[in-house]
Amino acid sequence: MQFLAPRTLDEALGMLSGRGGDLRVLAGGTDVMIQRMTGQLPRSESLLYIGGITDLAGVSRSDGTIRIGALTTHRDLCCDPVITTHLPSFAEAAATVGGWQTQAVGTIGGNLCNASPAADLAPPVLAAGAVMVVSGVDGPTRIPAERFFVDRRLTSLPEGQILLGIEVPEPPANTWESYLKVGRRGAMEVAQVGLAARFSVVDNRVETARLAVCSVAPAPLRLHRGEEALAGSTLDSGTVSAAARRATEEISPIDDQRASASYRRMMVGRLIMKAARLARRSLGMG
């Protein structure tokens, strides 16, 4: 096994392009190292540590777009004023990822590229309509977040490329969003169900609704049927209940050691109803 530690992005991309698929990118290591120790990844696989490429960390805001570098840690997301003001669901999700030690070194890029069905940052990224900025030796390209998560631990990130960060359009005025998580504990717990909800309201009616979930399908996903049912509504209880029922038709939960499929299906509906109640209160809709 080799451990490579490039200092620049160009150096890292050159190493990746010359090694094919036998080089695993390592950032904070909170997922990769555990997977190696438990036999989920081969110990012989070489590692490309990109944690020293400081240009890939940080949050910026300009021209109506919020940019988050792939090496931005969960703790940084929890504390950054741009994130807490404009993308609070990102901060809320990051605050539930493991304990403070994990949050201090784990990165948003690692959480997303690991592509766990239970990735906490994935639902907020999907609900925000984010774009993943990736790069190889030929330069950067962009992948909509909805096309990034393909299956369990599988993304559409091309071989030989690195996730540089994500770009998120600033939400419009009168927008409410949150990340709601069900687990045995509020933090340091893999989600039994996670929901990111976002509602933008004009004249007390929902102009756009976005719902995204984790832990209820092989990959995190948007709930388009539920969103369509809420568009144009006042988030009244009847409409929200109908939307919750439609949303549960889009998921494919399984039974595992953390929760049953029936429990997960029930909780998706309940979290949507809870999100709607919180949004109505926050947005002054009654």
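## Chat about the strands, domains and salt bridges

Reader: Which way do S6 and S7 run, and how many bridges join them?
Author: Strand S6 (residues 131–136) and strand S7 (residues 139–144) run antiparallel, with six bridges joining them. Strands here are DSSP runs of E, at least two residues, and helices are runs of H or I, at least four residues, both numbered from the N terminus. Two strands count as paired if DSSP finds at least two bridges between them. Keep in mind that this is a predicted model, where local features need pLDDT of at least 70 and side-chain atom pairs count only at pLDDT 80 or more, while totals for chains, interfaces and linings use all residues. Residues are numbered from 1 along each chain as its sequence is written, and side-chain values use heavy atoms, with hydrogens and water left out.

Reader: ok, what do S6 and S7 form?
Author: A hairpin, with two residues between the strands. Gly 136 has Gly 139 in S7 as its bridge partner.

Reader: Switching to domains. Where are the bounds?
Author: Domain 1 covers 57–169 and domain 2 covers 175–282. Those bounds come from an automatic or database domain assignment. The two centres, taken over C-alpha atoms, are 20 Å apart.

Reader: And how many residues of each domain are in contact?
Author: 28 residues of domain 1 are in contact with 25 residues of domain 2, contact meaning heavy atoms within 4.5 Å.

Reader: What area is buried between domain 1 and domain 2?
Author: About 1,900 Å², with carbon and sulfur atoms giving 58% of that. Buried area is the accessible area (1.4 Å probe) that two parts lose on being put together, summed over both.

Reader: Which residues in domain 1 lose the most area to domain 2?
Author: Pro 117, Pro 123 and Ala 127, and together they make up 25% of what the domain 1 side buries.

Reader: How many salt bridges and polar contacts cross there?
Author: The rule finds two salt bridges across the interface of domain 1 and domain 2. A salt bridge needs a side-chain nitrogen of Lys or Arg within 4 Å of a carboxyl oxygen of Asp or Glu. There are also 11 residue pairs in polar contact, both residues at pLDDT 80 or more. Polar contact means a pair of N or O atoms within 3.5 Å; within protein, one must be able to donate a hydrogen and the other to accept it, and residues adjacent in sequence count only if both atoms are side-chain atoms.

Reader: Which elements supply the domain 1 side?
Author: Helix H5 (88–94), helix H8 (122–127) and strand S8 (149–151) each supply at least two residues of the side that touches domain 2.

Reader: What about salt bridges in the whole structure, how many?
Author: The structure holds 11. One of them joins Arg 61 and Glu 170, at 2.7 Å from N to O. That pair links distant parts of the chain, 109 residues apart: Arg 61 lies in strand S4 (residues 59–62) and Glu 170 in the loop between strand S10 (162–169) and S11. Lys 181 also forms a salt bridge with Asp 120, where the closest N and O atoms are 3.1 Å apart.

Reader: Last topic, sheets. What's the order in the four-stranded one?
Author: S11-S12-S13-S14, an open sheet with antiparallel pairing. Strand S11 (175–182) and strand S14 (221–222) are the edges, each pairing on one side only. Strand S12 (residues 193–202) and strand S13 (residues 205–214) share nine bridges.

Reader: And the three-stranded sheet, parallel or antiparallel?
Author: Parallel, as an open sheet in the order S1-S3-S2. Strand S1 (3–4) and strand S2 (23–26) each have a single partner strand, so one side of each is left without a neighbour in the sheet.
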